[in-house]
Amino acid sequence: MNDRPVSRQSNKPLSDPPRNTVPAWMVVVGGVPLLLVMLIEFITVVGRNTGFIILGSIELVQAAILLSSASAIVMATLSRSHAKVRILLNRSSGKTAQFLKVFNALGGMLFFLALTIGGVWIALDMWDAQEHSELLRVPYLPLRVFAAVCTLTTAGLYLRRMFVRGPD
Amino acid sequence: MPELSSGIIGTTVLFVLLLAGMPIAVSLGLVGLVGLVFVLGFEPALIKAGVVLIETLTRYELGTLPLFLLMAHLCSSANASRDFFDAAARVVGHKRGGLAFASVGGCAAFGAVNGSSLATAATMGLVALPEMRKRGYSDSFAAGCVAAGGTLGQMIPPSGALIVFGIIAEQSIGKLFTAALIPGLSQVFLYFVVIWLVATLRPAMAPPSERSGWGQRMKALLRILDVLLLVLLVISGIALGWVTPTEAASIGAVGALLICARRKRLNLKTLRAALQETLVTSGLIYAVIIGSILFSVFISVTGLAEVMASMATDSSLGPVATMMVVAVILLLLGSVLDGLALMLLATPILLPIISNLGLSPIWFGIFLVRAMEIGFIHPPMGLNLYVIQGIAPDISLSRIFKGVVPFLMSDIFHLVLLILFPIMALWLPEVMQP
């Protein structure tokens with residue numbers, strides 16, 4: 001029954017983590033910036049209506065959105081939640097299903113690898129420019145590095161998926 | 001011309017990759033990237049990918065989506081879906097077809113919290129379907145009601161699909177939300193007409209339930225007051241231009257947190273679950289947006305959309321007939337592609353055609369989401385049908401589809417109305433956000 005490949009080190013079945021299991025620390029990494037966006041925007045609205053204007057709130061929101069959204073992409077990949085058309089997947093089995101799974105994972109790996117290379121390329125070009133936002137001087141380089149780490153992790157997750165069995 | 005042929009080949013390859021089950025984001029992004037490599041070269045294509053990545057992930061408007069999702073998950077945790085259905089069922093449940101009216105009304109109200117068709121169908125299905133079956137409603141009709149009602153989640157603002165459309169088509173999300181109000185409410189009205197017709201012509205399919213006393217009704221209505229006020233604040237704030245959609249979403253999320261806390265349903269477990277669901281869903285949509293923007297850049301570089309736009313202008317069909325043809329094509333494509341894929345494939349190609357025909361992109365966003373919604377309830381894709389079958393496995397797909405057919409007919413009528421009278425979508429934004 002169990003056709004999962006076995007890890008040589010641990011003799012445990014090697015497979016993708018079950019759907020919708022995301023480590024708690026990852027929820028914190030993506031969730032805290034999201035809650036920050038929520039609070040900043042809420043305080044901005046309240047402040048605007050009470051004469052207390054917060055300068056540079058959009059810059060903070062943009063930085064927090066990047067942290068939240070880049071880690072959200074990793075989480076969506078980890079929990080195998082990316083949207084796909086299932087009309088053929090649901091009707092295929094055996095070797096065809098395995099081929100489609102490897103083919104699709106290869107595509108995912110190449111796409112996110114290309115995004116990483118593109119992101120790193122620009123980060124290297126801007127290395128000495130010391131980019132930062134206008135009002136609060138939020139540095140862009142660490143944000144670019146964080147985004148690249150997330151896309152590289154996503155590419156890694158697709159690479160792993162190419163070599164494990166189980167449903168797509 | 002070589003660019004044009006690469007555009008046609010790229011679109012064909014995209015269609016094949018989507019059908020092969022490659023994630024939508026990856027299919028769009030890969031075709032866009034490889035296409036740009038062919039047309040522009042390796043270095044510009046990769047640099048464009050890097051630029052799109054950072055520009056997309058730092059877009060201020062992108063905050064709208066996860067915050068509305070967070071609001072929806074927190075409202076779900078606060079049991080809002082059950083409360084909406086209960087209140088509607090107490091008020092109209094004693095009428096013939098009353099629980100069906102309550103289901104659609106509950107879907108519309110929950111749709112104002114939740115921007116997803118599938119989530120609305122699933123959540124309301126869990127609440128309304130067992131109740132309707134228990135009260136002697138026909139399985140097929142009850143399932144059809146909830147499957148069709150679920151599509152309201154996509155149209156009634158805040159809508160996830162409209163946020164995605166706004167970002168990829170570079171249109172105001174606030175205007176799109178305002179434009180969706182009349183089409184959303186008229187869709188609810190048409191569903192009510194369908195229910196009334198079925199309950200009148202086939203009374204056995206939708207029998208009346210016992211009448212609730214006024215005390216019970218008031219109690220049920222008071223229970224939804226907080227969520228209802230929050231929804232009204234969020235929607236009116238956007239429609240009247242008081243706040244940006246992102247700010248409105250933050251008000252919604254903070255309000256939902258407070259409602260959860262007031263109902264003693266806020267704890268670390270609930271918050272973690274809501275954040276996780278929010279991040280996973282928004283992660284998949286962010287990836288799709290990045291892929292879609294790369295595909296749009298590729299299509300615009302090839303000139304394919306412009307050629308199609310001038311073909312549409314040169315033909316003597318005129319805007320109404322052209323849009324009827326587009327609607328038929330979208331409905332046919334909707335048989336094999338899911339809504340998101342359909343929107344992302346269609347937007348970069350059709351948007352220039354819409355502009356050339358002198359039609360509004362805001363109207364087009366509403367039209368596209370309406371066409372997508374129909375795809376949610378017609379086979380073979382019809383994802384809402386599968387969601388309902390997941391909730392009630394003893395009702396066969398064919399019976400669910402039979403129940404959804406009257407609603408499907410009203411949907412097609414509604415889509416035609418939207419084509420004939422674009423003012424349905426354009427009047428409110430003009431009046432409220434001149």
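## Fold and dimensions

In this predicted model, chain B holds 21 helices and zero strands, where helices (H or I, at least four residues) and strands (E, at least two) are DSSP runs numbered from the N terminus. Its radius of gyration is 22 Å, close to the 22 Å that the globule rule gives for 434 residues, so chain B is as compact as a globular protein of that length; the radius is taken over C-alpha atoms, and the rule is 2.2 Å times the number of residues to the power 0.38. The C-alpha trace of chain B spans about 70 × 50 × 45 Å along its principal axes.

Of the 434 residues of chain B, 63% count as buried, that is, under 20% relative accessible area with a 1.4 Å probe, protein chains only.

Leaving aside residues up to four places away in sequence, B:Trp363 touches B:Met323, B:Leu418, B:Ile419, B:Pro422, B:Ala425 and B:Leu426, a contact being heavy atoms within 4.5 Å.

## Basis of the values

Residues are numbered from 1 along each chain as its sequence is written, and chains are lettered from A and ligands numbered from 1 in the order in which they are written. Local features need pLDDT of at least 70 and side-chain atom pairs count only at pLDDT 80 or more, while totals for chains, interfaces and linings use all residues; side-chain values use heavy atoms, leaving out hydrogens and water.

Notes
Buried means under 20% relative accessible area, exposed over 50%, partly exposed in between (1.4 Å probe, protein chains only).
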